[in-house]
Amino acid sequence: MAKQRKADLLLVMVTAFWGGSYYLTDLCLTEMDPMCLNAFRFLSAFLLLSVIFFKNVRKINRITLKYSLWVGLALAGCYIFYGYAVTRTSLSNAGFICALPVVFTPILDFLIRRTKPKRKLIFSLLLCTVGLALMTLNEQFRPRSGDILSLGVALCYSIDLLLTEEAVRQPEVDPLALGVCQLGVVGVITLAISFAIETPSLPQTPTTWGAALFLGIFCSGIAFVIQSVQQQYTTASHVGLIFTLEPVFSAIVAFLLAGEVLLPRGYLGAALMLLSLVLMEVDWPRKKTE
C-alpha cells in the first residue's frame, strides 16, 4: 500500500507539471515559434533520457525502433496541434479539451477493434459534449479556432495511446527505449517543420530559458521517467483518474499566473467535462444479487 500511495503522489506531481505546461508554453511562444519550441522541448528531453537510459537506447532492436517511429508520428501530430492551439484559445479551454483522450480512446478502440462501448461511455460522451459546448461556443455558437485545434490534440494523443498499447504487447519491444526514442522522433519532426516554415531561435530572456528548460526536463523528461516507473505500483484506474486532474491544474495555474477568468457557463462546462472524465475512469461497484 505504501508503494501505491507513493506512486499515486508522484503521478499527481506529473499531472501538475503537465497542467502548468499550458501556461509555460504560452509564455515561451512570446519569443519562440511553436514548432521551434516543440523541437527544443523534445530534443532536450530525448538527450537527457538517452544519457540516463543509455543502455536501453544503445541496445534498441528493429521492432522497438519501428514502433517508436509510429508512436512518435502520432505524438508529433499531437504537439503540432498543441503548439498552435494554446495561442488561439484560453489556457483553461485548452487544458480541458486536450484531456479528452480519456473519452476519445474508447471510441477509436470501438471503430478499430469493434470493442463494444459500455453504457458509462455513452453517458460520459453526452456530459462531455454538453460541457464542451458550454466552454467553447460563443454567442454566435461558434468555437474558437484554438478549441478545434485542441480537439486535434486529443485525437492524436488517443491514437498515440492505442499504438503504444499495441507496441508494449510485443515481447520484443522495450517500453523504456520506446518512450525515449519517440521523444527523439517528435523532436526531429518538429525541428524539420520549424526549419521549413519558421525561423528557429533559442530563448532570448532568462525567464523564457527557464520555462523552456522546465518544459523539456520536467514536463517531458522527468515526467516520462516517473510515469513509466511508478505506474507498475498502482492500478490503471488510479492512473486514469489522477490524469483527469490535468485540466484542473491548468485552470488553476491560468487563474493564478495569467489572471484568466472564465464566464460562469465556462466553469459549469469545465465541471461537466471533468465529471465525464472521472466517470470514464472510475469502476463503480456493482450490487451483488443473491
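Modeller: Helices (H or I, at least four residues) and strands (E, at least two) are DSSP runs, numbered from the N terminus. From the N terminus on, the elements of this chain run α-α-α-α-α-α-α-α-α-α-α-α-α, that is, 13 helices and zero strands. The model is predicted, so local features need pLDDT of at least 70 and side-chain atom pairs pLDDT 80 or more, while totals for chains, interfaces and linings use all residues. Residues are numbered from 1 along each chain as its sequence is written, and side-chain values use heavy atoms, without hydrogens and water.

Colleague: Why is α4 called oblique to α9?

Modeller: Helix α4 (residues 62-85) and helix α9 (residues 175-197) pack at an angle of about 50 degrees, with axes 7 Å apart. Angles under 35 degrees count as roughly parallel, over 145 as roughly antiparallel, 65 to 115 as roughly perpendicular and the rest as oblique; α4 is therefore oblique to α9. The axes are lines fitted to C-alpha atoms, for helices over the stretch in contact, and angles run from 0 to 180 degrees between N-to-C directions.

Colleague: Which residues of α4 and α9 meet?

Modeller: Contact means heavy atoms within 4.5 Å. Among the residues meeting are Y67, L73 and I80 in α4, and L178, V185 and I193 in α9. The residues of this contact divide into 17 nonpolar, five polar and no charged (Ala, Val, Leu, Ile, Met, Phe, Trp, Tyr, Cys and Pro count as nonpolar, Asp, Glu, Lys and Arg as charged, and the others, Gly among them, as polar).

Colleague: What makes the pair of F42 and Y79 edge-to-face?

Modeller: Rings of Phe, Tyr and Trp (its six-membered ring) pair if their centres lie within 6.5 Å; planes under 30 degrees apart count as stacked, over 60 as edge-to-face and the rest as tilted. The centres of F42 and Y79 are 4.7 Å apart and their planes stand at 75 degrees, so the pair is edge-to-face. The two residues, F42 in helix α2 (residues 34-52) and Y79 in helix α4, are 37 residues apart and link distant parts of the chain.

Colleague: Why does F42 count as buried?

Modeller: Buried means under 20% relative accessible area, exposed over 50%, partly exposed in between (1.4 Å probe, protein chains only). F42 has 2% relative accessibility and therefore counts as buried; Y79, at 16%, also counts as buried.

Colleague: What type of aromatic pair do Y79 and Y82 form?

Modeller: Y79 and Y82 form an edge-to-face pair, with 5.4 Å centre to centre and 70 degrees between the planes. Both lie in helix α4, three residues apart. Ring pairs link Y22, F42, Y79 and Y82 into a cluster.
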